[in-house]
Amino acid sequence: MDQKSLKKYRPYPQVHLPDRTWPDKLISKAPIWCSVDLRDGNQALIQPMNLEEKLEMFQLLVGIGFKEIEVGFPSASQIEYDFLRLLIDGDHIPDGVLPQVLTQARDKLIKKTFASLQGAHEAIVHLYNSTSTLQRQVVFNKGRKEIIELGVAGARLIHEQAKQIDTAIRYEYSPESFTGTELEFALDICEAIMDVWEPTPENPVIINLPATVEMSTPNIYADQIEWFCRHMKNRDCAIISVHTHNDRGGAVAASELAMMAGADRVEGTLFGNGERTGNVDIVTLALNMFSQGVDPGLDFSRINRVVNVYERCTKMKIHPRHPYAGELVYTAFSGSHQDAINKGMTALELTQSGLWEVPYLPIDPQDVGRNYESIIRINSQSGKGGLAYVMDHEFGFKLPKEMQPGFGRVVQEVSDAFGDELSPEMIFHTFEKEYLLNANGFALKSFNVLKRHFERDEESSIAEVEAVVLVKGEEKNIHAGGNGPLDAFCTALREELGLRFVLRAYHEHALTQGSSAKAVSYIEILDQDDESWWGAGVDTDILVASIKSLLSALNRSAAKLKKE
């Protein structure tokens, strides 16, 4: 940025609050939540929602657990008015859920707002007028006294209208652009409004202090909230609410610090949809609390459904890296991350603490209805740990640790050639092709244990086997003895086919349970050049699986010789 451009801007003033207390506070309980998706969020859409979409969104919000929902600006447009009537006349508002309606401090708009509320059991009427220094000067050309008179006149009319309607009315006032307003003046106008409404501790008003434009770092906003809470009279007669926007990208942090500074209530939207860069994202804010063991009072256990309804109704898309809800947020491509997640998941299965402690995953994906299958995904940046996780959790193959680097190299070659993410099915197909179906050199046609004799210890047991092995398609009958069937088969391969190798490692485990269960065997050999090769074999007979595994390793070794 050039110096000439920089001179157009100046630092946001700090609040003199040397004895601020909010930095030592913790968020230990959920605020009162108010969704403004149907008003602030809707007005920010390229194509605003129609009545059906608004109703679906309203029902989603109720299902999540919102008790206060700003349903619109009924005096501003006919569809806003019609939607509120649809909710009331169709009996779509459950007991305990308060619809909130917004109005400016203008007589005609206030009267139309109350007309729209006829028949509702209870509701919140939200009055606002702009108080910022800049707007007083360049938009309204009014002084402080005139702005207070405007707000007070609106408050009086609302108070009078509330007495003429059967609906139980709760009051809310917002000094719009609070962050652009002198603190003393914001306090003066809010207290003047409260004097009209005469709240009590049993029937408090909502004083909403919006960061209509985010103009400072979150800590300064927290200072403003703490200053306001300290200085207002009759603090116990007010619910302090915050409504943050995301112009600087700090709306979530600003709301969190504001709660620490004394705010009781938060207005926001799902996924932060709102004017310009958006409102505070309530999904992120609530699940941040959840990740700290604090009940947010909102249910996001089916996050995919929330995403689907939101995207359908708003025509907006959730970014794949959006906190908690994005397609890729429980996914690791980095090899080191994958390895750490894999080890963390394994350790979690063994521990009895009940605590979620897995590297790189702040919450258990299952708690928001996501599946473990999506945690680790494979591309050219991935490592052996991620592959091991996919093979285990998707297909039941617990690859020996020593085998994983070799398989990782095989998959990386495939990924580099493919140029994109590999699905679990593609990974398994690669494993199958490389290890289970690689019969270009050797393949087993038949195998029999002729006799087996056990001595007093296993080392002195004797077995005799015969087999038919296909060598490049040609049948070879082999026969030998050894101190076990696998050892005898190895001896036959060496003596009758002239193969030179050493059996180095052996692993096995069941793939499935039941009478028809299959087993998998993994075998490592050292070839004549002392190079390591792993093979794998699957069969209902573990002995046959081990024979297939040995031939798999030999085939992979032979393939190397062909390339040379």
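How many of the five residues of strand 2 (residues 68-72) are buried? In this predicted model, five of the five are buried, so strand 2 is largely enclosed by the rest of the structure.

The surroundings of strand 2 can be described through its pairing with other strands. Strand 1 (residues 32-35) runs parallel to strand 2 and is joined to it by two bridges, and within this pairing S35 has I69 of strand 2 as its bridge partner. Strand 2 is also joined to strand 3 (residues 98-104), again in a parallel arrangement, by four bridges, and here the bridge partner of E70 is Q100 in strand 3.

H126 has a relative accessibility of 3% and, because buried means under 20%, it counts as buried.

A contrasting setting is found at the surface, where L134, V138, V139 and F140 form a nonpolar patch whose accessible area is about 390 Å² together. One of these residues, V139, lies in helix 6 (residues 133-140); its relative accessible area is 53%, and because exposed means over 50%, V139 is classed as exposed.

Technical notes
Residues numbered from 1 in each chain as written. Predicted model: local features only at pLDDT ≥ 70, side-chain atom pairs only at ≥ 80, totals over all residues. Heavy atoms only, no water. Buried < 20%, exposed > 50% of the residue type's maximum accessible area, 1.4 Å probe, protein only. Pairing = 2+ DSSP bridges. Patch = residues over 30% accessible without salt bridge, like charges linked within 9 Å, V, L, I, M, F, W, Y side chains within 5 Å. Areas by Shrake-Rupley, 256 points an atom, 1.4 Å probe, with all protein chains shown as cover. Salt bridge = Lys/Arg side-chain N within 4 Å of Asp/Glu carboxyl O.
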